[in-house]
Amino acid sequence: MIDDPNPGIELWRNLRDRLNLDTRWRFILLIGLFNFLLIILVLLTLRNQEIVLEIQTIEREIRQAVEVLATVQAEVVEVVYITATPSPTVQIIAAATHTLTPTEVVPTTAPVTPTPLPTESPTSTPAPTTTVTHTPTPIPTATHSPTPIPTSTYTPTPTPTHTPTFTPTPVTPTPTTTDTPTPSAPGVSSITPPSGSVDDSALAVTITGANFQPGASALLQQGGSIIPATGVTVVDDAHITCTFDLSGQALGSWDVVVINPDSRSGTLPGGFTVVHGALHHFTFDPITQQVINANFPITITARDQYNNLASSYTAAATLDDTTATISPTGTSNFTAGVWNGPVVIGAVGTDIVITATSGVVGASNPFTVTHPTPIVLGITPNEGLSTETTPAIITGTNFAATPDVLIGSTSLTPTITWVDGTTLNGTVPAGLSPGIYNVTVRNPGPTNPSGTLEHAFTVRDAITQPYQVLDYARLRTNGLGNGDSDGDNDKVQVIFFEFPDSLPSDTTLYFNIFDPDCGGSVDTAGCGMSTTFSVLGGEGAYTNNLSRAPFFNGTNRAGVLAGTLLISRTFGADPTDGTWVALNTEPITITLGEPVDGKYIFKLAVEGLSGSGGNIYDVSIGTSPATTNTVPSGTRVFAYGLTFETPMSARPHLYPYVAASMTQVTQYNFDFDAPPGTMTFTTPSGQALALAVSGDGVWASSSHTAAAEDHDATWTVNIESGFGFDNCVTFYATDQNGNALAIFGQPYGGAPPPLPGGTAP
């Protein structure tokens, strides 16, 4: 048997045969062997990097040591050392240079022994010795420029030992400079006296402090303003005497400043105060136009000669004015230079001036005093015939003793008698054209203040049209077949007629109705209802509380016909369209009414019966039938609630009476169909108050304060329909207790109806 020349191959074969490795296992084995070799290579690389890092650290330490040696010896040091890298090649390090600057000084102490450079552990190979030579060379300009190190391969050898030789250089000592002391700045601690008035033109003061130098100056400073001192004397380093001129300077705190000749300064902030001077005159705050005999406030201020507040003035002053009617004629004591209080001027005029005197004097601006604006509340009677003069009483407030009175543009002044500030007597002349007139009262004197009551007086022909309840509108009552959304929520209307019991007891009355039937051109289209008109007098016609309700639903319905029935007529589609009809063919005497508090009162009750539609009509009262009507003097017609037609082209007015005891007026309106219509209150004092208005088939209300100047008079309800059709509306108003207010067809002043209205159901 021949031996195998390669035992290794045989061993592999045996191993292969035993393991019986196929191709797949061979591949796995090779991959594992490859990974093992790769790990060995990575570990060697990491070790190599650690060696490189150690060598770089040694290089840095060598450079630092060389730089220290070069600095101490002030010479160029040439160092040759070995840098090792993982390669068999040796690298030579070039020289580094350090040159001393002229300001560097070499110490004179003993020579410094340099610290040996780090040494690597030697290998078995002997290392060559490197010699370092030091050549002292003084250089004026210091330059430190290490030469870049070329890269070389490295074969580990023992680190060479360096033995530098140093030559000490003598050190020149630097002389020490001695500083000259700097003088301290001045300090200011006080000034005596600490204040002075603007009247002081040469106030002597003493300033106390420290470090004052001969020739120092002083001043007072407030913002950008300066008061320089004069006559400055530096008594010693802690005291200065000087003088300040405070004439007309600003009041308040000033800084005290001392300035030494070396320009150093010291300040006492707010150390000195300039105060006002003595009382020189008085001034008044502006006074505007005033009203005669009415209190108004004035303010008087004490001033010094520079017009500063003289707050130390606390005495009183005497008062006077150019009308010699001022009250009071003197002030009380001033407080900190000021007095304010009320005064009264008892005469009207222009350019009136008030003066205040207390050794000195002061005057106010010129101003005007006028009469107050008059307020016209009513005229009684409120109508007359064009062919006759009519004595009348005008009531209101703020009437001056000799006013002008106008009815429209016609003056009543020659006949006017002034009774007091609330009452004027006069006569309306004959010859005025029939119509409705405003009444104006104009007070005399500056500005002629005036007040006007609109629609106050009616002038009628000798044979007049019947007295109408409303101006520019007519009453309306709907049939029982109509719903509430047609504007009439109760199908009832109640009207009262009031006559003074001073009329002759045989005065005859006729109750006249315009167009009482249903149908024709006046009423709503297709009107097919019946309407009953009833006149009642006697007990309960007015005094029954249910009679005075603003509308009638449920239990208060009994108030409609309360009292004694005097007349009752029912109209359907009768031939009375567009004409006046007297309800009574026989006269009714005035005494058949219910006597109440010096009045006779009748009630007209209008009830809508079966059928549907809206009966539109008007009512009046006279001493004869409608065609020859004359209204008794002192007659008033009113209701506590009204349902009426508002023509699309007209502006009707209502006049609810506001008594003196009322603090609030609340208005209610039903089915106004707003928008676009509006309603407003106009009060006697001229207030215009917007009212809440209702939509279709619903109520709306709003409350308004009753001011004192608007009491005991009628307010005006102005209605702007704004519709493209005639509209039916229900309206009433109450006081703060819920009692209905009497509503008139004309404005009135004077006494209200005898009893307050009832409450809504």
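By class, 12 nonpolar, 13 polar and six charged residues make up the lining of the largest pocket. (Nonpolar covers Ala, Val, Leu, Ile, Met, Phe, Trp, Tyr, Cys and Pro; charged covers Asp, Glu, Lys and Arg; the others, Gly among them, are polar.) Heads-up: this is a predicted model, where local features need pLDDT of at least 70 and side-chain atom pairs pLDDT 80 or more, while totals for chains, interfaces and linings use all residues. Residues are numbered from 1 along each chain as its sequence is written, and side-chain values use heavy atoms, leaving out hydrogens and water.

**The pocket**

- The largest pocket holds about 620 Å³ of space.
- Out of 31 lining residues, Thr380, Pro381, Asn382, Ser633 and Gly634 are the closest to its centre.
- A pocket here is an open set of points on a 1 Å grid over the protein atoms alone, where a 1.4 Å probe fits, with protein on both sides within 12 Å along at least five of seven lines; lining residues have an atom within 4 Å of a point.
- Volume is the space filled by probe spheres set on the points, which are joined across faces, edges and corners.
- S23 (375-380), S24 (383-385), S25 (390-397) and S33 (492-500) are strands that each supply at least two lining residues.
- S25 gives the most, with five.

**Strand S45**

- Strands are DSSP E runs of at least two residues, numbered from the N terminus.
- Five of the seven residues in S45 (664-670) are buried, meaning under 20% relative accessible area with a 1.4 Å probe, protein chains only.
- S45 runs antiparallel to S48 (699-705), joined by seven bridges, and antiparallel to S51 (727-734), joined by five; pairing takes at least two DSSP bridges.
- Thr666 stands opposite Ser703 in S48 and opposite Thr734 in S51.

Methods:
Buried means under 20% relative accessible area, exposed over 50%, partly exposed in between (1.4 Å probe, protein chains only). Helices (H or I, at least four residues) and strands (E, at least two) are DSSP runs, numbered from the N terminus.
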